[in-house]
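Let us walk through this structure step by step. Keep the sequence and the 3D view side by side as you read.

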Amino acid sequence: MTYSITQNGRTHSFAGLKTLLAKATPARSGDALAGIAAENEEERALARMALAQVPLARFLEEILIPYEEDEITRLIVDTHDAKAFAPISGMTVGEFREWLLDPATDIETLERGAPGITPEMAAAVSKLMRNQDLILASQKCRVVTRFRNTLGLPGRLSVRLQPNHPTDDVRGIAASMLEGLLYGCGDAVIGVNPASDSMQGVTRLLEMMNAFRERYEVPTQTCVLAHVTNTLRAMERGAPVDLVFQSIGGTEQTNRSFGVSLALLEEARAGALELKRGTVGDNVMYFETGQGSALSAGAHAGVDQQTCEARAYAVARHFKPLLVNTVVGFIGPEYLLDGKQIIRAGLEDHFCGKLLGLPMGCDVCYTNHAEADQDDMDTLLTLLAVAGVNFVMGVPGADDVMLNYQSTSFHDALYARSALGLRRAPEFEVWLERMGICNERGDLLGASAERRLLPGASEWLG
Amino acid sequence: MAGIEESHHGKGQGVERGSDVWARLRRFTPARIGLGRVGGSLPTQALLDFELAHARARDAVHAVFDADLLARDLRDSGFGESLVVASQARDRMEYLLRPDLGRALDEESREQLKDLRKGGCDLTVVIADGLSAVAPARHAVPLLREVLPELRENVTVVVANYGRVALGDEIGEILGAPAVVVLIGERPGLSSPDSLGIYLTWAPRVGRTDAERNCISNVRPEGLAYPEAAKRLVYLLGEARRLQMSGVALKDDSEGSSNPRLKSETWGTQS
């Protein structure tokens, strides 16, 4: 179907929803690289006008990637909740934006509506929203998840402690873990990206992190971010797996390039549920995503990178994850050029994920070949913290010495707490006070905690 | 900790200094632990140290690759004449934004390589700037000094401007080489602006995927030292020749560092 808009007596046409969505997207290098971006600013603005007039119901009829060819399309179509969709079924995309911003649309309304919203609808409306719209609407989405603690409660910000080491040295990882805990980080998860994907290495890290957590009775979960097939094997061998991690994308072909399918993810989730390691809940999945992954795998099918990203959230929500993390600036400048594009993408991802009912966190990050720096990360971190992001990363000094990129630091988390009065997960808060790391207000107490925790770590740190 | 306090912390009031234990723990990891804090914020010296590291990494990304100088270095080191070629990217920014152009030879280079083909070769080594021109400039020659004496092959060395990993496929294909080894600057980290990557592809031809390559990462004196990197490469070359293939089926049993986020998920920005 062709979509048209008439302005000053001239009619502009867009051949199909896929084209219209791509051309309406705020400028980003990845869509230009794919050759699907608007030709110029005027075309982009006109595409948005045309998009604003498209009925939401149209997205259920004009399918972007054929049902027969893509299992994610099938998942989206087959699990769409018509009853939840009913209240918004008569709206256009433009009206949907206004409805989202209307104060009468509250947390409960959005919670009920989430199963009726498809990723394509979320992506479409986000393209019409300014940054402040994305923040305001996100604030109205509440997604609470549980495993050994409770994440996503209002007024809370959690941190994934990311103690990576270039050679997976156990002492090096333990040293970063210890410091992160002393900074009050790690309530979202203590999660390490392994440098080596070998089974032996993965198992060794799982066992060390679990023993470390048990030693201090930390009310949190640990995770080695290995490929799901390795985590499955680790579970078979009896390794202590709390969460199943996997990177996912928004097309079947992208996921194939990652070596995963919906069936494989289902199998892994079932395995983790069977272990019954969660104490206050059973959200056992941890997903990572990021705009550009589909194009990078040559698997975007002509769909813009932000819509592909939203489709990845359809995969995520099917598996009731504890954590979903958009690794926004990791991929490089050919997908997101600079601080401006990274900031925009971070807010879009957080909004779309939350709207679809996901516990969204964000790896506020950049690489050294992107046109970005710490000031840009401060901006995005602040905006996301205002928007109510569930969690961010905590990397020592913001410098990931294994993955070679910059994320947010233990200090950055303290900044966000201090500037916006955000607290940690309740169970973790109690633990920090018991260990003498924080006082009852959540402020760090200093060197006394260090003296208390260090002797217990001698097994790993000598 | 005394030394750390002097070099890393300001004299300001209210700086929460770590105990001397952090000096000890820092030996276990290059991560930025034990920085101290002022309230929740970074002490001034730690802030400035970070900025200096970022500045160096940025400079490495944008550094100009002097391919001719490297070709002269190669000749002076006894590796004979090498050909200097270029991809279709015309400047650094275009190179960064258009990975597809960095994977294809410009027309003139194609013709030059066709002329060179007549000599034949057993192995093509391509040295490219990648995302850090500093890396090949520093490490390519010393690494080849360790590698080439171990090989009996007739080796052709090509130096490429604005090249991505896959540029080696086209070069190797034109030269009719059974294998291509690409030495290329990796994405610079804050603590490693000059990391060199080695990619081995058996039977190179346009369209090979990353899954069909083997990678040795983080080659530099502070990372994977030259002799160890050379040992791994010679081993992989031998295995590739024996099995007539490269890639995931070819396991580097010497516990190479294969980063799942960067490679198996094709999020690598090298290729």
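In what order do the strands of the open sheet of 6 strands in chain B stand? The order is S3-S5-S4-S6-S7-S8, and the pairing is mixed. Bear in mind that this is a predicted model.

Look at the edges of this sheet. Strand S3 (83-86) and strand S8 (213-219) of chain B are found there. Each has a single partner strand, so one side of each has no neighbour in the sheet. From one strand to the next, the twist averages 20°.

Now move inside the chain B sheet. Strand S4 (residues 123-128) and strand S6 (residues 179-185) of chain B pair in the parallel sense. Their pairing extends over 5 bridges. One residue pair to find is Ala128(B) and its bridge partner in S6(B), Ile184(B).

Helix H4 (residues 67-76) of chain B lies across S3, S4 and strand S5 (155-161) of chain B. H4 runs at about 160° to S5(B). Helix H7 (residues 107-117) of chain B also packs on the sheet, where it touches S3 and S5 of chain B. The direction of H7 makes about 150° with that of S3(B).

Turn to chain A. Which strand order does its open sheet of 8 strands have? The order is S7-S6-S5-S12-S11-S10-S9-S8, with parallel pairing. Strand S7 (222-224) and strand S8 (244-247) of chain A form the edges. Each of these has a single partner strand, so one of its sides is left without a neighbour in the sheet. Neighbouring strands here are turned by 25° against each other on average, direction ignored.

Take one pair of strands from this sheet. Strand S9 (residues 285-289) and strand S10 (residues 323-326) of chain A run parallel and are joined by 4 bridges. Phe287(A) has Val324(A) in S10(A) as its bridge partner. Helix H13 (residues 228-236) of chain A lies across S7 and S8 of chain A. H13 runs at about 165° to S8(A).

A salt bridge comes next. The side chains of Arg148(A) and Asp242(A) meet at 2.7 Å, N to O. This pair links distant parts of the chain, 94 residues apart. Arg148(A) sits in the loop between strand S3 (145-146) and strand S4 (150-151) of chain A. Asp242(A) sits in the loop between H13 and S8 of chain A. Over all chains, the count comes to 41 salt bridges.

Strand S1 (residues 2-7) and strand S2 (residues 10-15) of chain A pair in the antiparallel sense over 6 bridges. Gln7(A) stands opposite Arg10(A) in S2(A). The hairpin has 2 residues between the strands, and Asn8(A) takes a positive phi near 50°.

Two packed helices are described by the angle and the distance between their axes. The axes of helix H17 (residues 305-318) and helix H18 (residues 339-355) of chain A come within 9 Å and cross at roughly 35°. The crossing of H17(A) and H18(A) is right-handed. H17(A) contributes Gln306(A), Glu309(A) and Tyr313(A) to the contact. H18(A) contributes Glu348(A), Asp349(A), Cys352(A) and Gly353(A). By class, this contact has 2 nonpolar, 2 polar and 3 charged residues.

Finally, see where the chains meet. How many residues does each chain bring to the contact? Chain B gives 53 residues and chain A gives 65 residues. Together the two chains bury about 4800 Å² between them, 56% of it on carbon and sulfur atoms. The count between chain B and chain A is 2 salt bridges. A salt bridge joins Asp399(A) and Arg32(B), with the closest N and O atoms 2.8 Å apart.

Conventions
Residues numbered from 1 in each chain as written. Chains lettered and ligands numbered in written order. Predicted model: local features only at pLDDT ≥ 70, side-chain atom pairs only at ≥ 80, totals over all residues. Heavy atoms only, no water. Axes fitted to C-alpha atoms, helices over the stretch in contact; angles between N-to-C directions. Left-handed = near helix turned anticlockwise from the far one by under 90°. Contact = heavy atoms within 4.5 Å. Nonpolar A, V, L, I, M, F, W, Y, C, P; charged D, E, K, R; others polar. Pairing = 2+ DSSP bridges. Buried area = accessible area lost by both parts, 1.4 Å probe. Salt bridge = Lys/Arg side-chain N within 4 Å of Asp/Glu carboxyl O.
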